[in-house]
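Here is a short briefing to read alongside the structure. Keep the 3D view open as you go through the points.

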Amino acid sequence: MSFEYDVIVAGGGMVGAAIGYGLAGMNRRVLMLDGADTDFRAAKANFGLIWAHGKGFGHPAYQRMSLQAVKDWPEFAMQLEAESGMELAYERNGGLNFCLSEDEFNARTHHITRWHAQTPELAPSTQMLDRAELNRRFPSLRLGKEVAGASFGELDGHANPLRVLAAMHQAFLQRGGTLRSNHAVKAIHKLSGGGFEVLAGTFRARAERVVIAAGLGSSALGPMVGLDVPLRPQRGQILVTERLAPLLPVPASGLRQTGEGTVMIGVTQEDVGFDLATTAEGAARMVRKALRIVPDLAKAKLIRQWSCLRVMTPDGNPVYAKSISHPGADIALCHSGVTLASFHAGAYAKALIDGVLPASLEIFHHGRFNVQKTA
Ligand SMILES: Cc1cc2nc3c(=O)[nH]c(=O)nc-3n(C[C@H](O)[C@H](O)[C@H](O)COP(=O)(O)OP(=O)(O)OC[C@H]3O[C@@H](n4cnc5c(N)ncnc54)[C@H](O)[C@@H]3O)c2cc1C
């Protein structure tokens with residue numbers, strides 16, 4: 001049977017857009033069906049860190065994947081900027097995770113040592129910097145008196161996530177992909193001769209393969225192709241200040257200064273279901289911590305607060321899986337889609353074309369959530 005498309009990607013958020021962009025660059029005819037602006041869309045409300053340091057603690061495969069993704073980001077960004085003609089405001093000058101007491105610093109040192117030990121084949125990418133060393137490296141950074149030091153991931157960076165998303169859409173189209181917004185997928189049918197028919201309202205399209213990458217919307221789609229992955233939303237709130245003179249030379253966990261000069265302060269981690277409210281309590285907590293790190297922020301006006309929902313699997317680690325009951329259907333879910341965009345557009349898109357996920361991805365199958373408890 002011949003199809004109009006090789007692959008239909010359900011979802012045009014941070015993960016779907018990266019996969020679609022990657023596939024379209026590998027000579028595949030790709031249709032990307034995206035939902036509505038009113039959908040939950042972490043792609044349009046996230047913090048913009050491209051970050052590996054500390055990620056995948058207790059999960060070396062996720063640690064390796066995150067590190068490779070940040071290593072691949074410079075080339076990914078260069079290509080994406082060249083193809084889309086958009087500036088991503090991507091910088092990779094490292095990233096800090098501040099410690100607000102000697103005890104915190106010692107605990108973080110222990111944590112990072114154990115994190116490095118998980119992947120002994122990789123050169124250490126994160127160092128602990130005490131306060132004196134922080135002052136030496138970043139003389140313009142006026143630290144709060146409680147700051148004892150920080151871990152510093154030399155591969156980390158940040159970008160404007162709205163531009164990253166827009167650029168992936170733009171470059172996808174330029175690579176010959178077809179994007180339909182406001183086309184939420186409602187049904188996926190397996191065809192008897194192989195392949196799928198996908199319905200979005202009155203729109204129908206057929207393809208040999210389907211990839212579900214619809215963030216929290218994937219819960220409804222996965223079971224249609226035997227890929228029922230448990231997901232939960234986790235609310236994150238973010239604050240933004242007015243534009244300020246440079247005060248943060250590199251991004252930090254929960255604190256970064258954008259190219260325009262605004263400072264983003266974040267982020268909460270709240271299990272409140274699908275409630276998108278912003279709260280004074282969340283704002284107060286984030287501001288209190290930010291002021292302990294950079295007291296000069298006290299002079300800044302806050303101009304915005306928003307919240308968005310993370311796409312969380314039960315253990316917080318990504319899911320990549322192929323359907324057994326519906327060969328040709330895949331699902332991709334993660335909570336750090338900006339960081340992993342280089343992976344989704346690169347190695348993951350390539351694996352989809354090969355039709356076999358590499359052995360290194362087997363550990364990310366959602367079958368891990370079905371382990372029977374023994375009495
Ligand atoms: C507060 C916050 C801060 C974050 N900070 C960072 C960070 O600093 N760095 C980082 O790497 N990650 C960060 N993230 C995570 C990152 O934003 C997400 O990992 C990423 O957006 C997930 O991409 P996604 O495509 O799976 O989902 P989303 O980006 O949410 O997109 C889902 C898309 O699927 C579409 N959709 C839904 N249902 C359907 C359907 N039935 N058919 C078709 N389309 C559908 C929606 O319209 C939407 O466009 C943050 C997230 C939050 C909430």
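**Helix 2 against helix 5**

Helix 2 (residues 60-84) and helix 5 (residues 161-174) have axes that come within 9 Å and cross at roughly 65°. This is a predicted model. The crossing of helix 2 and helix 5 is left-handed.

- Helix 2 brings Leu80, Glu81, Glu83 and Ser84 to the contact.
- Helix 5 meets them with Ala167, Met168, Gln170, Ala171 and Gln174.
- Sorted by class, this contact of helix 2 with helix 5 holds 4 nonpolar, 3 polar and 2 charged residues.

**Overall build**

- The chain has 8 helices and 17 strands.
- The chain is as compact as a globular protein of its length, because its radius of gyration is 21 Å, close to the 21 Å that the globule rule gives for 375 residues.
- Along its principal axes, the C-alpha trace spans about 70 × 50 × 40 Å.

**Two domains**

- The chain divides into domain 1 (5-50 + 162-230 + 315-370) and domain 2 (98-155 + 232-312).
- Where the domains touch, 13 residues of domain 1 are in contact with 13 residues of domain 2.
- On the domain 1 side of that contact, 8 residues are nonpolar, 5 are polar and none is charged.

**Around the ligand**

- How many residues surround the ligand? The shell has 40 residues.
- The closest are Gly13, Gly35, Gly215, Gly217 and Gly236.
- By class, the shell around the ligand has 22 nonpolar, 14 polar and 4 charged residues.
- Both domains take part: domain 1 and domain 2 each give at least three residues to the shell.
- Helix 1 (14-24), strand 12 (232-243) and strand 15 (302-312) each supply at least two residues of the shell.
- Which element gives the largest share of the shell? Strand 15 does, with 4 residues.

**To recap**

- Helix 2 and helix 5 cross in a left-handed sense.
- Domain 1 and domain 2 are in contact, and both contribute to the shell around the ligand.

Key. Residues numbered from 1 in each chain as written. Predicted model: local features only at pLDDT ≥ 70, side-chain atom pairs only at ≥ 80, totals over all residues. Axes fitted to C-alpha atoms, helices over the stretch in contact; angles between N-to-C directions. Left-handed = near helix turned anticlockwise from the far one by under 90°. Contact = placed C-beta atoms within 7 Å. Nonpolar A, V, L, I, M, F, W, Y, C, P; charged D, E, K, R; others polar. Near = placed C-beta within 6 Å. Domains from an automatic or database assignment. Rg over C-alpha atoms; globule rule 2.2 N^0.38 Å.
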